[in-house]
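I opened this notebook to keep track of what I looked up, going from the parts of the chain to single residues.

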Amino acid sequence: EAARRVALRCENVNRWFGGLHALKGPDLAIFQGEIFGLVGPNGSGKTTLVNTVTGFYPPQKGRVFLFDEQINGLPPYRIAQKGVARTFQNVALFRGLTVLDNILVGRHIHMRPSALATLGYWWWAKKEEVAHRAKVEDVINLLQLEDVRDEPVDVIPLGLQKRVELARALAAEPRLLVLDEPMAGMNQEEKEYMVRFILDAHEDLGLTILMIEHHMDVVTSICHRVAVFNDGVKIAEGPPRETINDPAVVAAYIGA
Ligand code: ADP
């Protein structure tokens with residue numbers, strides 16, 4: 001088997017909040033093209049891990065690599081520019097802006113300062129803007145958001161808002177997509193749509209995805225591998241079905 005490239009590597013990442021040791025040095029390696037699930041009881045450190053990867057709470061000990069480049073210690077916007085896009089557990093969209101404009105925000109990390117335009121190269125700036133708009137249109141089509149593109153995000157249902165957040169992340173053309181509970185608060189039908197769109201995006205764009213997910217049916221149907229966290233420690237890792245049925249994992253959920 002050909003060696004697979006590691007898209008994300010976490011080595012001994014540690015994070016404290018005051019006296020609380022939230023992440024106790026787990027190691028992770030996520031391969032390029034993989035859909036990797038993070039599961040575990042509430043408070044086990046999943047979001048904290050995501051925040052160390054995306055730079056919101058850099059690890060106080062340990063290292064994070066994106067395609068072999070060390071990224072821990074960089075501010076979130078630099079990590080985003082290096083190709084990590086994320087969504088949030090609670091929808092974080094710009095209220096009052098339309099769906100289209102919210103997705104366009106995802107392009108900003110690729111937009112050069114308007115210095116070129118200021119210097120009179122308006123034709124160049126125009127060309128760039130057209131390219132950004134085209135990319136956004138691709139994402140709107142992929143996630144079937146055509147019907148709501150001009151609606152303010154406030155007025156559309158939660159399930160669609162989460163889809164807009166996914167669209168904004170995809171518009172950034174990430175090398176690593178990080179999803180924090182993409183199905184939270186969704187009904188069954190919305191969940192099924194979201195699963196479909198994540199799989200479509202994964203297939204069309206050849207994405208690597210790290211996702212926190214509570215719904216075990218979702219985890220077993222779309223993740224290639226999972227890691228289970230408990231109390232800041234990785235207690236199991238492997239193919240989803242076997243891993244979530246591991247006795248140690250079952251015990252962690254019961255709180256034994
Ligand atoms: P999970 O995502 O698995 O539910 P978290 O990573 O959110 O778990 O939380 C892990 C632990 O760290 C919890 O005990 C939580 O209360 C604590 N924690 C997380 N973020 C903060 C913070 N910003 N300040 C203080 N404690 C935090």
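I took helices (H or I, at least four residues) and strands (E, at least two) as DSSP runs, numbered from the N terminus. The model is a predicted one, in which local features need pLDDT of at least 70 and side-chain atom pairs count only at pLDDT 80 or more, while totals for chains, interfaces and linings use all residues. Residues are numbered from 1 along each chain as its sequence is written.

**Entry: the ligand.** Among the surrounding residues I noted Phe17, Leu20, Ala22, Lys46, Thr47 and Thr48. I then sorted the shell by class, with Ala, Val, Leu, Ile, Met, Phe, Trp, Tyr, Cys and Pro as nonpolar, Asp, Glu, Lys and Arg as charged, and the others, Gly among them, as polar. The shell has 3 nonpolar, 7 polar and 1 charged residues.

**Entry: the domains.** I found the protein divided into domain 1 (6–83 + 174–254) and domain 2 (96–158), with bounds that come from an automatic or database domain assignment. The C-alpha centres of domain 1 and domain 2 lie 28 Å apart. Their contact takes 7 residues from domain 1 and 4 residues from domain 2, where two residues are in contact if their C-beta atoms, placed from the backbone, lie within 7 Å. On the side of domain 1 that touches domain 2, helix 2 (76–81) and helix 7 (188–205) each supply at least two residues, and helix 7 gives the most, with 4 residues. By class, that side of domain 1 divides into 3 nonpolar, 2 polar and 2 charged residues.

Entry: I followed an open sheet of 6 strands with mixed pairing, in the order 7-8-9-4-10-11, taking two strands as paired if DSSP finds at least two bridges between them. Its edge strands are strand 7 (84–86) and strand 11 (233–238), each of which pairs on one side only.

Strand 8 (residues 176–180) runs parallel to strand 9 (residues 208–212) and is joined to it by 5 bridges, with Leu177 standing opposite Ile209 of strand 9. Strand 4 (residues 35–39) also pairs with strand 9 in the parallel sense, over 4 bridges, and Gly37 has Met211 as its bridge partner there.

Is strand 9 buried or exposed? I counted a residue as buried if 20 or more other C-beta atoms lie within 10 Å of its own, exposed if 12 or fewer, and partly exposed in between, with C-beta atoms placed from the backbone. Strand 9 is largely enclosed by the rest of the structure, because 5 of its 5 residues are buried. Thr208, Leu210 and Ile212 cover one side and Ile209 and Met211 the other, and all of these are buried.

Entry: I found Pro157 in the loop between helix 5 (122–142) and helix 6 (158–171). Pro157 counts as exposed because it has 12 C-beta neighbours inside 10 Å. The C-alpha atoms of Pro157 and Gly255 are separated by 35 Å, and the two residues are 98 residues apart along the chain.

Note on methods. A residue is near a molecule or strand if its C-beta atom, placed from the backbone, lies within 6 Å of it.
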